[in-house]
Amino acid sequence: MTVEWGHFALILALVLSLCQVALPLWGVAGRDHALMQTARGTAIGAFLFTLLAFAALTYAYVQSDFSVINVAMNSHSTKPLAYKISGVWSNHEGSMLLWVLILTLFGALVAMARQAIPLPLLAAVLMVQGAVSSAFFAFILMTSNPFLRALEVPAEGRGLNPILQDPGLAIHPPLLYIGYVGFSIAFSFAIGALIHGRIDAVWARFVRPWTLLAWSFLTLGIAMGSYWAYYELGWGGFWFWDPVENASLMPWLAGTALLHSTVVMEKRDALKVWTILLSILTFSLSLIGTFLVRSGVLTSVHTFASDPSRGKFILGILVFFIGGGLTLFAWRAHALRQGGLFAPISREAGLVLNNLMLATMAATVLIGTLYPLVLEGISGDKISVGAPFFEATMLPLFLPLALLQPLGTALSWKRADLWAAMQRLSWAFGFSVLVLCIVLYVTRGGSVLAPVGAGIGLWLVLGSLADVWLRVWRAKAGWAVNLSRLVGLPRSAWGTALAHAGLGISLIGIAATGWGTEVISTVGKGAEVPAGPYRLVLEQVITRNGPDYRETVGRFQVYSDQQKLGVIEPGKRIFIGQTMPKTEAGLMTIGLGQIYASLGDFQADGTVSLRLYWKPLVVLIWGGALVMAFGGFLSLLDRRSRIAAPRKARQLQGDAA
Amino acid sequence: MTRKSRRMMTIAGLGSILAVAVGLVLYALNDSIVFFYGPTEVIEKKIHVGARLRVGGLVKVGSVVRPSDRMVEFVIGDGNNEITIHYNGLLPDLFREGQGIVAEGRLEAGQRFAADTVLAKHDENYMPREVADSLKKQGHWQGEGKPDAKTGSKP
């Protein structure tokens with residue numbers, strides 16, 4: 001019965017979401033505050049019922065209730081509990097349910113936030129949220145219902161796709177979805193502002209924390225997905241410019257631009273129309289990402305034929321919200337009061353440049369991702385746009401942006417002195433160039449791009465440190481005063497510095513891939529293979545059983561000179577209920593680098609093919625992303641962007657003064 | 001500086017960045033996209049030797065050989081024509097004789113192909129989509145790629 005209750009709760013959530021659209025709409029039209037107030041209750045109610053539906057499906061997974069088609073197709077009674085639960089969102093239907101769960105959660109959070117949002121704006125925002133969630137509820141109920149029962153109950157489930165049975169999968173989709181869906185709040189606020197025709201710096205203050213929250217989670221989600229692909233696919237790469245990855249990168253780039261443009265709006269009451277447009281575009285890219293991934297249109301246009309109802313339904317949602325949002329923008333944008341112009345050398349001008357570069361990068365990724373689809377539709381030619389395209393277009397946009405970033409933060413608002421800013425950063429810049437020269441000399445003959453990337457990364461890190469230093473250090477003040485200034489630095493300033501430093505750290509890690517080594521060979525027992533400064537010896541080949549799989553692993557001893565560092569065991573697993581083996585990479589982290597081994601086929605003579613990498617500094621790629629996300633969360637804790645915590649008395653006094 | 005000249009400067013600045021970006025995209029699209037062909041198309045379209053492309057087809061049963069300890073050679077076909085692929089690397093988990101794969105690399109003389117990537121990405125029907133389309137074109141499509149579709153028995 002639980003499953004039927006879940007199904008019923010989902011229908012009720014749809015009904016509540018429709019109320020969340022209709023009642024406030026009526027209220028806004030008739031300036032009826034009581035009707036506007038209903039937006040809060042319906043938003044919270046819609047979330048609670050979605051939660052109930054989600055809990056019911058999770059329960060069916062935990063109980064291994066194979067009478068539910070979705071459970072039978074994606075689970076197996078022998079799965080460990082954690083993978084029974086993560087199995088809920090390992091498939092199309094369940095992941096869409098997670099999508100709306102997070103969407104309604106954000107709606108409920110806005111309804112409960114202590115942000116003092118004017119009621120008409122709040123009502124409009126929740127109305128738009130309700131419209132988005134209604135569309136997706138309808139999508140789930142009509143084309144992808146996870147609660148359908150089978151007529152004949154199978155004795156056993158088909159099992160989870162082995163590639164998805166991994167801790168990475170358990171947390172990657174929720175993180176990513178919080179990011180994708182979080183941008184819906186900025187979208188709703190933009191539509192709300194367009195409906196009311198009013199926008200000011202306070203609007204930016206409402207939107208910024210939500211954008212920051214979504215961005216931080218999206219950063220984590222992308223990093224997690226990248227690391228998961230790195231160790232799970234066994235190819236040793238961390239980013240493949242796969243359309244599914246691009247789908248998450250586009251909203252990230254646009255969202256990063258949005259974060260920066262809301263700063264300009266908050267501080268200088270400028271860039272308003274652009275910020276509204278960017279809010280609409282960012283969530284549009286999230287929707288396009290969902291569409292590309294969920295409709296299966298990516299591999300080929302013909303996928304539409306296999307399940308046309310789903311693809312067309314999401315396409316309809318996409319056209320309605322993106323088209324509707326942009327039409328409303330075209331119609332109403334002139335009603336918004338334009339912000340002032342500003343000097344070409346100033347912090348805000350730097351941020352405009354940042355926005356332009358990021359928006360261009362997002363557009364480039366979009367073109368590269370959609371071009372094969374469009375070309376196949378027009379000419380029938382099948383092409384793949386891969387890493388060479390994206391490297392050729394993204395690097396010339398990204399590297400100048402990274403190069404200019406520390407300079408931008410050093411400029412002051414309104415009217416800045418470029419020369420003075422450069423002087424203040426001269427130490428950081430000089431040191432980065434010095435390190436770049438040393439690295440170029442040491443690695444001479446190798447790639448030039450790697451040292452340049454690492455140099456720019458170091459410059460970003462040092463630039464962020466210099467930013468903190470310049471804000472805090474006053475030569476005339478004593479140590480104690482300077483220390484208290486350091487502690488008293490606003491959390492948003494720390495957040496900014498950390499986010500930019502994190503980007504630099506990731507960049508160093510990415511650049512360092514140019515210094516790795518790769519060996520492909522066939523090894524037998526006792527064979528010795530070099531991996532950068534280390535060497536590996538194959539001790540034995542072992543076949544053994546895991547909780548729900550059987551695996552064959554090669555046991556390699558890792559040596560540094562004569563010293564034993566430990567053992568890694570790359571192998572192949574065959575999961576119960578599956579026939580295809582799955583490669584499990586063997587990893588050993590040494591300092592910031594990693595030894596990465598993956599096995600190919602076992603030959604008849606007992607040898608096995610091996611791909612072995614030494615990847616120096618590779619951990620920095622994801623470490624940098626963690627630092628970035630941490631910076632985002634730290635900024636969220638700044639009192640200016642509080643959304644949930646009640647204000648303290650001291651702050652209220654401060655605000656009044 | 002007047003308001004007007006400032007605006008002109010902004011527009012010029014924005015315009016030049018966009019122009020650079022558009023140039024980059026066009027250049028890269030010309031230079032770095034890779035076309036996909038089946039074995040028959042490679043012959044029909046007279047693809048010149050040395051071209052970088054993706055080819056795909058069914059791995060011919062019994063064609064996988066290992067001339068040296070690192071090299072793998074196999075033949076893929078679409079029912080009418082074949083290409084011999086040689087590859088120095090690890091074959092993907094889902095690589096099987098009789099199933100569809102996609103290889104990226106350079107075309108060599110005599111219907112030979114030097115692959116630097118071999119992909120066996122496919123859906124539950126065990127067939128990469130490009131390969132399925134190419135087989136359909138050649139008239140060798142056997143239902144949904146399930147071996148028992150031929151005999152008519154239900155899985």
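Visitor: What makes strand β1 (residues 382-385) of chain A and β1(B) a pair, and in which sense do they run, parallel or antiparallel?

Guide: Welcome to this predicted model! Two strands pair if there are at least two bridges between them. Strand β1 of chain A and β1(B) have four bridges, so they count as a pair, and the sense is antiparallel. In β1(B), Ile33(B) is the bridge partner of Val385(A).

Visitor: How many residues are in contact between chain B and chain A, and how do you know that they are?

Guide: Residues are in contact if their C-beta atoms lie within 7 Å. By that test, 29 residues of chain B are in contact with 34 residues of chain A. On the chain B side, α1 (3-32), β1 (33-37) and α3 (129-137) each give two or more residues. The largest share, 13 residues, comes from α1(B). By class, this side of chain B has 17 nonpolar, three polar and nine charged residues.

Visitor: How do you know that the length of helix α7 of chain A agrees with its number of residues?

Guide: Helix α7 (residues 167-196) has 30 residues, and at 1.5 Å a residue they should span 44 Å. The end C-alpha atoms are 45 Å apart, which agrees.

Visitor: Why is α7(A) called mostly covered?

Guide: A residue is buried if 20 or more other C-beta atoms lie within 10 Å of its own. In α7(A), 23 of the 30 residues are buried, so the helix is mostly covered. After α7(A) comes Gly197(A), with a positive phi near 70 degrees.

Conventions. Residues are numbered from 1 along each chain as its sequence is written. Chains are lettered from A and ligands numbered from 1 in the order in which they are written. This is a predicted model: local features need pLDDT of at least 70, side-chain atom pairs count only at pLDDT 80 or more; totals for chains, interfaces and linings use all residues. The expected span of a helix is 1.5 Å times one less than its number of residues. A residue is buried if 20 or more other C-beta atoms lie within 10 Å of its own, exposed if 12 or fewer, and partly exposed in between; C-beta atoms are placed from the backbone. Two residues are in contact if their C-beta atoms, placed from the backbone, lie within 7 Å. Ala, Val, Leu, Ile, Met, Phe, Trp, Tyr, Cys and Pro count as nonpolar, Asp, Glu, Lys and Arg as charged, and the others, Gly among them, as polar.
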